[in-house]
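Subject: Structure handover

Hello,

Here is the structure, ready for you to open. My notes on what was found follow below it.

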Amino acid sequence: MTSAARVRFAPSPTGRTHIGGARTALYDYLLARQTGGQFILRIEDTDAKRRVPGAEQEILDSLRWLGLDWDEGPDVGGPCGPYRQSERRSVYHEHAQSLLRGGHAYYCFCSPERLTQMRQDQQKRKEPPRYDGRCRDLVPTEAQARVEQGESAVIRFRTPREGTTTAVDLLRGPITVENATIDDYVLLKSDGLPVYHLAVVVDDHLMGITHAIRGSEWLPTFPLHVLVARALGWSEPVWVHLSVFLNPSGKGKMSKRHAVDSKGSALSIYPLDLRDLGYLPEAVVNWLALMGWSYDDHTEVFSLSELVERFSLDRLHPSPAAVNFTKLDHFNGVHLRSLSPDDLTRRLTPLFVAQGLAVTNDSLRPVTPLLQERLRTLDEAVPMAGFFFRDEVHPEPEDLIIEALGASATAEVLRTTAARLGDAPEWTAEALEPLARSLAEERGLKPGQLFGAMRGAITGQRVSPPLFESMEIVGRSVCLDRLEAAARRINAT
RNA sequence: GCCCCCAUCGUCUAGUGGCCCAGGACGUGGCCCUCUCAAGGCCAAAACGGGGGUUCGAAACCCCCUGGGGGCACCA
């Protein structure tokens with residue numbers, strides 16, 4: 001085990017929180033918890049134009065739902081705050097000035113219009129678009145004077161023109177690029193706020209970040225970040241670039257519109273949607289953990305705390321992974337079944353209540369074991385077990401009528417069933433089943449034929465939890481009523 | 001166009017030169033169990049992208065190609 005790691009999840013509130021970000025946060029969390037370090041949440045909101053209302057809240061809600069609690073962040077504070085970059089202006093200003101003094105950066109007065117024009121011209125000439133360096137060699141004192149007179153300026157990094165830079169990624173090893181291919185990036189915008197390239201380096205350093213885990217979209221500018229850190233005289237964190245998620249087909253980057261499973265049902269790439277779709281946070285965590293990481297003994301089912309125990313950076317995989325919603329379903333089933341019945345009951349009750357059914361933990365509890373083996377997602381529970389709590393059921397005639405018998409004979413059999421069962425000394429599954437079986441035999445029916453009609457009558461469904469266990473819970477009088485009602489219903493058609 | 005990254009069954013992956021005519025999981029097909037649906041058990045089909053090297057020996061190391069992905073803003 002490594003020494004205490006300080007790890008941050010640094011999303012920007014510009015859209016919804018998706019599973020890619022959630023997986024990064026998961027790995028951050030696992031590393032922090034495993035090493036007894038800290039998990040820090042930092043909001044990268046330096047672009048006011050792209051800020052989306054509610055996005056920051058969704059970040060917090062998503063992490064909380066997944067069980068990834070943080071030690072320092074915008075809501076809980078901490079020793080390295082503020083944790084919202086928009087509130088750290090002076091910090092970036094100070095370090096930009098330091099780069100200026102050291103000759104590692106320079107003021108640039110070029111207008112956005114000129115820059116746009118320049119890029120267009122370059123593209124026309126099939127040249128790589130990049131800053132042409134017009135302000136790079138301005139006399140610093142003169143530039144300073146222009147700024148003091150109020151002229152609008154940005155601060156650019158003075159990337160070395162010669163040589164190469166080697167940046168080391170934990171998963172890929174050293175990545176060496178020609179400095180000439182690295183642009184003189186803007187570090188501080190004219191509004192005084194930093195651009196990502198300055199903000200990450202400064203904040204990671206100031207917040208004592210030991211491991212910077214982020215998406216691979218940062219790989220191209222990775223050497224720049226290394227250069228900025230060096231220019232500031234700082235040592236670097238361990239850099240870890242996670243690959244992106246691909247669509248289920250494996251072709252193309254994961255996107256909202258391709259979030260559809262193999263059976264064609266729409267799923268979502270947003271944790272909060274997954275929650276509303278009836279997935280367990282345990283399952284989502286397990287699923288996400290295995291997309292890019294594996295454990296060496298072939299185990300695949302993990303709880304969060306088991307992941308904390310076993311996670312290791314060196315088993316991270318650098319290649320892109322296609323999102324597989326079918327596997328999420330599998331993990332959800334596995335975790336659903338490993339919940340204690342009481343726990344499952346508590347998670348299910350609100351769903352029944354939301355459908356207007358008068359259900360309590362106590363009244364649902366006997367039903368839970370019948371559901372546990374069958375549920376794929378939590379929200380399948382109400383359609384599957386609502387009949388336990390409704391006053392009456394409305395079976396379709398075709399779910400009632402035994403084909404070999406026809407309508408009126410089926411109705412008669414159902415009445416006889418009610419009468420026969422009504423005499424049962426005990427209303428239990430054990431007592432009921434033999435009675436029903438012998439009746440079926442008497443009538444020359446296969447058990448399944450009779451049971452199917454009874455199922456329709458009692459549950460109103462073609463598919464249901466086991467019949468006799470269900471009947472035991474539903475109770476004698478309601479069952480007998482429903483059997484009679486079904487017989488009447490058949491005769492009425 | 002330029003730069004960077006990646007490459008084992010349909011998908012997630014194991015594999016760090018001989019234990020691999022490649023293992024596990026999901027999914028798929030079949031069988032068993034069975035009152036429906038599940039769950040469970042057993043079995044099966046299914047991959048090292050191509051070409052060159054290196055080596056006694058390559059899925060593993062190197063090169064090229066191909067394919068996929070990412071990036072080229074006063075966005076992150």
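A polar side-chain atom of Ser 190 lies 2.7 Å from a base oxygen of RNA strand B. That is a polar contact (a pair of N or O atoms within 3.5 Å; within protein, one must be able to donate a hydrogen and the other to accept it, and residues adjacent in sequence count only if both atoms are side-chain atoms). Glu 300 instead goes to the sugar side: a polar atom of its side chain is 2.5 Å from a sugar or linking oxygen of RNA strand B. His 330 has a side-chain N or O atom 3.5 Å from a phosphate oxygen of RNA strand B.

A word on conventions. This is a predicted model, in which local features need pLDDT of at least 70 and side-chain atom pairs count only at pLDDT 80 or more, while totals for chains, interfaces and linings use all residues. Residues are numbered from 1 along each chain as its sequence is written, chains are lettered from A and ligands numbered from 1 in the order in which they are written, and side-chain values use heavy atoms, with hydrogens and water left out.

**The RNA surface**

How many residues surround RNA strand B? There are 60, and the closest are Thr 46, Lys 189, Glu 300, Arg 437 and Arg 455. Sugar and phosphate make up 71% of the atoms of RNA strand B that come within 4 Å of the protein. A residue counts as near the strand if one of its heavy atoms lies within 4 Å of it.

By class, this surface has 24 nonpolar, 15 polar and 21 charged residues. Ala, Val, Leu, Ile, Met, Phe, Trp, Tyr, Cys and Pro count as nonpolar, Asp, Glu, Lys and Arg as charged, and the others, Gly among them, as polar.

Several elements each supply at least two residues of the surface near RNA strand B, including α4 (112-124), β6 (173-178), α11 (325-338) and α19 (447-459). Helix α11 gives the most, with 4 residues. Helices (H or I, at least four residues) and strands (E, at least two) are DSSP runs, numbered from the N terminus.

**The second largest pocket**

Its volume is about 230 Å³. Of the 14 lining residues, the closest to the centre are Leu 290, Met 291, Trp 293, Glu 300 and Lys 327. β11 and α11 are the elements that give two or more residues to this lining. The lining divides into 8 nonpolar, 4 polar and 2 charged residues.

The method: on a 1 Å grid over the protein atoms alone, a pocket is an open set of points where a 1.4 Å probe fits, with protein on both sides within 12 Å along at least five of seven lines; lining residues have an atom within 4 Å of a point. Grid points are joined across faces, edges and corners, and the volume is the space filled by probe spheres set on the points.

**Strands**

β5 (residues 164-169) and β6 pair in the antiparallel sense over 6 bridges. Pairing requires at least two DSSP bridges between the strands. A hairpin of 3 residues joins β5 to β6. Val 168 has Pro 174 in β6 as its bridge partner. Ile 175 is also in β6. At 24% relative accessibility, Ile 175 is partly exposed. Buried means under 20% relative accessible area, exposed over 50%, and partly exposed in between (1.4 Å probe, protein chains only).

All 5 of the 5 residues of β8 (residues 211-215) are buried, so this strand is largely enclosed by the rest of the structure. β8 runs parallel to β9 (residues 238-242), joined by 5 bridges. His 211 is partnered with Val 238 in β9.

In β1 (residues 6-9), Arg 6 and Arg 8 point one way and Val 7 and Phe 9 the other, and all are buried. β1 and β2 (residues 38-41) run parallel, with 4 bridges. Arg 8 has Ile 40 as its bridge partner in β2.

**Single residues**

- Ser 243 sits in the loop between β9 and β10 (245-246). It is buried, at 6% relative accessible area. A polar atom of its side chain lies 2.9 Å from the backbone oxygen of Ser 319.
- Glu 56 is in α2 (residues 55-66). It is buried, at 16%. Its side chain makes a polar contact with that of Arg 84 (2.8 Å).
- Arg 23 is in α1 (residues 19-35). It is buried, at 3%.

Best wishes
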